[in-house]
Amino acid sequence: MTGWPLNYLSSAGLRAREVVPLTWYMLVVSIVVCLVIAALLWAAVRRARPEDRSVNIRDIPIERGSSGIRWISVGLLASAAPLAVAFVWTLLTLSATAGPPSQPGLVLDVTGRQWWWQVQYSASNPSEVFQTANEIHIPVGVPVLVRLHGGDVIHSFWVPQLTGKTDTIPGQTNLSWIQADRPGRYLGQCTEFCGFQHARMQFEVVAESQEDFDRWVSLQRQAAAAPATQEQTRGLSLVEYRCGLCHKVRGTNAGAISAPDLTHLMSRRTLAAGTLVNDPANLMGWIQDPQYIKPGSLMPNQYLSAQQLSDAVAYLETLK
Amino acid sequence: MMQPELRTPTVGIDSVEHAARLLPLWETAPGWKGFFTTVDHKQIGIRYIVTAFVFLALGGVEALLMRVQLAGPNLSVLTPEQYNQLFSTHGMTMIFLYASPILSGFSNYLWPLLLGSRDMAFPRLNALGYWIYLASGLFLYAGFVTGNGPNDGWFNYVPYATRDFNPGLNEDFYALGMVFLGISVTVGAANFIVTAFRTRAPGMSLNRVPILVWGTLTASVANLIVVPAVSLAFFLLWMDRQFGTHFFDPAGGGQPMLWQHLFWIFGHPWVYAIVLPAMGMVSDGLPVFCRRPLVGYSLVALSTVATMIFGFGVWVHHMFATGLPGLGLAFFSAASIAIVLPSAVVVFAWIATIRLGRPVITTAFLFFASMILLFVIGGVSGFMTASVPVDLQLTDTYFVVAHLHYVLIGINVFPVVGAAYFWFPKMTGRLLDEKLGRWNFWTMFIGFNLAFLPMHLTGLLGMPRRVYTYADYGGWGTLNMITSVGSFVFAVGVLLFFVNVIRSLKRGALAGKNPWDAPTLEWSTPSPPPPYNFAVIPTVASRHPLWEGRLGGDGALSSLDRGMMLDHGKETVGTSALDAVPDMVLEMPADSIAPFMLALGLSGLFVGLLLKSWTSVGIGGAIAALAILVWLWPSTELREREPAHG
């Protein structure tokens with residue numbers, strides 16, 4: 001993800017692609033209008049002759065001059081035409097982006113929470129339902145329906161390369177949909193102000209081939225593997241005792257759901273909703289001092305001993 | 001029963017004896033007594049202007065702090081909470097405590113002078129409006145300086161503003177402060193409306209008033225309609241927070257969306273309310289420097305009203321992403337696109353006025369003329385946000401931040417500073433310095449565009465709004481640095497304006513009655529005008545009473561020197577709503593402490609509500625009730641009761 005991952009003058013998915021030409025049209029019209037007005041204004045103002053600048057204003061006589069109504073009528077007509085085009089094009093685009101072109105191949109439930117994204121993959125068999133956080137995997141070329149829920153305050157779901165914004169509002173379910181053209185990682189960002197860490201509330205949409213996606217899903221459905229070493233075992237009991245008050249690791253006693261599901265933590269690219277790259281060093285720093293890294297975050301500082309910290313991370317590193 | 005006293009006012013010309021009769025009737029007492037009791041619209045207007053500029057400076061300093069934090073990626077000059085309170089307080093300050101009151105100030109000062117009257121229709125209400133504005137501003141800032149400033153943006157969305165997520169006093173300060181301020185806006189609006197329709201000089205039919213009057217009148221009507229929505233919203237929020245009601249709580253059957261509708265039904269018309277009067281300043285000021293009447297007066301006046309009518313139907317364009325049905329969005333999209341048309345009328349009228357006139361470059365002219373371009377830039381970016389699918393990408397990115405600053409600085413600050421250069425001589429008797437004025441203008445113009453033009457690109461590259469920091473994706477850091485530098489240059493420009501004002505108060509060149517050879521009634525009075533404005537009430541026969549005879553044609557002539565004397569008491573004339581036919585003598589109230597007392601009592605009441613100190617609520621309420629009693633006590637001077645007999 002280089003360049004401008006959040007720009008919306010280009011696109012990587014059907015829903016965003018429909019809008020790009022309209023955005024360019026409105027942008028170009030706008031720039032042309034500004035240039036034309038600037039030119040007219042400049043031409044009008046520069047008629048103030050230099051000798052007028054030092055002259056007493058009273059010495060320039062008042063004249064009624066011509067009525068100038070033609071300026072208004074021509075200007076009005078010239079403005080109305082591009083506006084009418086913009087409106088019709090807007091309606092056509094609105095209709096084209098309203099829903100996916102075919103039945104969605106995947107339905108996701110995404111919940112905005114202070115300050116992370118909860119993602120749920122439903123299945124008819126309850127044992128196959130799983131949750132993850134801040135990383136949404138989808139198969140390329142398949143329309144995906146995203147049901148948006150407000151977990152606490154209002155957030156807004158935005159993946160500029162794939163779709164415009166839809167708010168997640170407590171008490172109602174909003175719908176968005178995405179369909180990626182090609183594999184890649186597309187950055188998403190909360191865009192409704194939601195408190196201290198609105199800035200650090202990102203996520204990624206990972207579009208991959210159907211096979212890769214299926215592989216990912218089957219991995220995510222598995223519970224956490226049992227610890228293999230003594231260190232990991234100590235780590236697990238620490239995770240169950242400390243982290244389990246908020247987090248869940250499926251297959252263990254850590255079973256709370258008010259923070260991201262950690263069952264496959266190490267399969268995700270970032271920590272803390274896009275704040276840090278997910279590597280062991282960052283993970284240690286994040287566990288120990290989240291309030292320094294993401295002030296106001298709902299995760300409290302842990303004050304673990306060096307031994308405890310390395311045990312915990314040793315276990316968490318097994319959650320692939 | 002009061003017997004109507006029928007009398008025809010004496011008509012005559014000004015004389016030393018006449019002025020000597022008027023002066024004691026209208027003059028404000030010197031010293032503290034006068035300070036707290038004056039009802040002179042000119043003094044009140046200047047107070048509004050000075051107070052609003054103080055808030056502009058405060059809001060500006062807040063903006064500069066934010067620009068330091070955002071100058072580069074991942075800085076930590078401010079904590080997230082400090083940043084959130086700063087951007088919320090900045091918005092609240094600029095929108096509620098600067099942009100609207102500054103226009104009220106100019107209109108308060110100018111209206112009776114423009115209209116050929118001796119005061120606003122309700123002078124005491126006018127004083128009350130100012131005192132409540134000051135008190136509510138102090139109330140809101142008391143929250144900020146104690147670390148309890150608003151922290152959820154000026155738009156203050158629930159549920160983040162509710163007590164579950166926001167347990168401090170921050171939102172209580174904001175909610176109660178806004179309800180308090182709403183009283184000031186409401187009484188001010190009512191006063192403007194009655195003043196416009198009932199106190200114009202004889203002959204000044206509605207199609208002869210300056211465009212500024214159209215602008216402020218339109219804004220005032222809108223405010224009367226929409227301010228109740230926001231006052232209600234803030235009141236309900238306070239109830240939710242403090243008394244456990246569930247208007248906005250989905251767990252109790254409430255609706256977060258209710259807040260957004262109530263807020264934006266108010267919020268978008270409000271945007272027009274804080275630009276239309278400023279556009280009126282340009283429509284009235286620009287032609288003076290083009291040495292000709294405004295092109296298309298009637299169309300400009302109608303466009304002013306049309307803008308507001310459309311303006312009532314666009315609020316949902318702030319809510320395109322909330323999941324409302326597409327068909328509904330299409331209507332609001334249409335209205336938001338169509339509202340460009342009345343604006344286009346005004347823009348072309350201005351350009352034609354310059355083109356078909358003989359422009360004289362002054363600092364005021366530069367501010368007015370450059371505003372046209374800034375208006376268009378802010379307008380077209382607004383047009384882009386009117387298209388639903390495009391807006392779903394643009395909204396809540398820096399593109400919108402750029403847009404709204406072109407609107408609010410371009411269409412409010414630039415015309416206001418231009419208006420200050422234009423009318424300062426009338427208010428003080430001295431001209432602002434033109435040479436410093438050029439430095440002032442160019443620094444502001446270059447700084448502003450340097451700060452906000454690149455910000456459109458920042459937005460198109462996807463940088464979200466209201467973030468206390470950001471990662472450096474492809475040049476966001478550079479763009480933000482440019483914006484930060486530009487904002488400081490702009491701030492220096494504003495500072496030069498304040499310097500010019502302070503220097504010129506003492507050392508400015510003397511202005512005389514009409515330094516710009518301008519056409520409207522205010523320029524027929526001395527600078528500064530006497531407390532009674534007009535020694536005799538003028539009779540008006542055209543839009544340009546002071547240019548008559550020079551515009552060709554042989555229209556009737558206005559009578560400025562000879563008119564109704566009205567010196568039996570503190571009097572001015574009441575005229576009919578459309579044609580301004582005189583139909584009554586209006587007895588104007590003398591200076592009074594009641595407005596100040598009422599504001600003081602209400603302040604105690606609101607502080608009590610904030611702290612849930614029912615004693616304070618009781619005392620404040622009692623003072624307020626007493627003040628109202630004093631205010632409404634029938635007086636013989638106002639012919640509200642018979643003089644005592646025998």
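A residue is called buried if 20 or more other C-beta atoms lie within 10 Å of its own, exposed if 12 or fewer do, and partly exposed in between, with the C-beta atoms placed from the backbone. By that count, 61% of the 646 residues of chain B are buried. This is a predicted model, in which local features need pLDDT of at least 70 and side-chain atom pairs count only at pLDDT 80 or more, while totals for chains, interfaces and linings use all residues. Residues are numbered from 1 along each chain as its sequence is written, and chains are lettered from A and ligands numbered from 1 in the order in which they are written.

Chain B holds 19 helices and 5 strands, where helices (H or I, at least four residues) and strands (E, at least two) are DSSP runs numbered from the N terminus. Its radius of gyration is 25 Å, close to the 26 Å that the globule rule gives for 646 residues, so chain B is as compact as a globular protein of that length; the radius is taken over C-alpha atoms, and the rule is 2.2 Å times the number of residues to the power 0.38. Along its principal axes, the C-alpha trace of chain B spans about 75 × 65 × 50 Å.

Domain bounds come from an automatic or database domain assignment, and for chain B they give domain 1 (11-18 + 518-580), domain 2 (32-507) and domain 3 (594-632). The centres of domain 1 and domain 3 of chain B, taken over C-alpha atoms, are separated by 41 Å.

Where do the two chains meet? In the contact between them, 80 residues of chain B touch 78 residues of chain A, two residues being in contact if their C-beta atoms, placed from the backbone, lie within 7 Å.

Chain A, in turn, is assigned domain 1 (14-53 + 66-98), domain 2 (106-221) and domain 3 (230-316). The contact between domain 2 and domain 3 of chain A takes 18 residues from domain 2 and 16 residues from domain 3.
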